[in-house]
Amino acid sequence: MDQRDPFPRRTADPFLLAPWLVELARTAGGLARSYLPGSPIDARTRERVILAVTEVNGCRYCAWIHGSWAAYLGDPVEGPADAEEALLAYARACAEAGKPLDPSPLADVLPAEALGAVRATVAQIEVSNLVGNTVDGLLARLTRKRPLDPLRAAGEVATVVAALPLAVPLLALGATLRAIDGLAPPVPEVQTPPAGEANLLAHLLATTVPAYLANAGVRLAVLRLPVALSIGMRAGRTSATVRIGRGAVEVVNGIAPDAIVVLEGEVEPLLQLATGSLVRELSTLRLKRE
């Protein structure tokens, strides 16, 4: 930045935007896949990457929008620590450098498809951060906290106007997600059989269900049900029933008489059916194996 300009954050200068726009063009497919079902990185991990970059750049608008999104999705499922730390460190390093960095260190811990999605996510939020900071930079000019500089101010106005069609829906989305998170009840303590009596499947379900209920939308939908829904599960000779509704979650041994459906099969397919994306999230961020 010009030494006469007291605004500390980087804005959407053409020279700063150029490398990120090139990176976005190269990884456009990865960006699209990161928001589709079956994404190579799950949504919770994606939001952690976005917030790591935003923290470095100091964009308050992106922090509010994606902070709302992260709160809606809930705490991430625990994955391999080295893979998680590697991709967050890469994201922060790119933000600090102000340009895309060599992603080869990530190739040692992430599958190729996840690598492209991470690169695209970093580039996308970098552009968003620069544009968001440009808004604050323009406000600083208008309030005489920065030199007016008509030529640069005109460029900043053009950037802000061009970004408005995308920024307004994103801000509305952030407000909606924040409202849902505020309305959703907290994750309840799972009621289980007395100590020493719960079977293996009941223990597994009691551990799994709270992670699924981390999503505020799911909590709002299922915990507010006026009646409890009972789902029975059977894996080999072991069976258990999950009851969810009226603000409570209960897991009992065996197939309860009020079970409306019984899922049968091996443990992993049962969990995929019962908890949707949870098993996919557990297996998405994994160590790359040769």
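A search of the whole structure, which is a predicted model, finds 1 aromatic pair. Its members are Y35 and W69, whose rings lie 6.2 Å apart centre to centre, with 55 degrees between the planes, an arrangement classed as tilted. The pair links distant parts of the chain, 34 residues apart: Y35 belongs to the loop between α2 (28-33) and α3 (43-57), whereas W69 lies in helix α4 (residues 60-73).

The two partners can also be set out by their relative accessibility.

| Residue | Relative accessibility | Class |
|---|---|---|
| Y35 | 35% | partly exposed |
| W69 | 17% | buried |

W69 counts as buried because its relative accessible area of 17% is under the 20% cut-off. The ring of W69 has a further contact: the charged end of R46 sits over it, 5.0 Å from its centre.

A second topic is the largest pocket. This pocket holds about 530 Å³ of space. Its lining comprises 20 residues, and those closest to the pocket centre are S128, V131, L166, A167 and L170. At least two lining residues come from each of α4, α7 (112-142) and α8 (150-183). Of these helices, α8 provides the largest share of the lining, 8 residues. By class, the lining has 16 nonpolar and 4 polar residues, with no charged residues.

How values were computed. Residues numbered from 1 in each chain as written. Predicted model: local features only at pLDDT ≥ 70, side-chain atom pairs only at ≥ 80, totals over all residues. Heavy atoms only, no water. Phe/Tyr/Trp six-rings, centres within 6.5 Å; stacked < 30°, edge-to-face > 60°. Helix = DSSP H or I, 4+ residues; strand = E, 2+ residues; numbered from the N terminus. Buried < 20%, exposed > 50% of the residue type's maximum accessible area, 1.4 Å probe, protein only. Lys NZ or Arg CZ within 6 Å of the ring centre and 35° of its normal. 1 Å grid on protein atoms, 1.4 Å probe; cavity = no way out; pocket = protein on both sides within 12 Å on 5 of 7 lines; lining within 4 Å. Points joined across faces, edges and corners; volume = space filled by probe spheres on them. Nonpolar A, V, L, I, M, F, W, Y, C, P; charged D, E, K, R; others polar.
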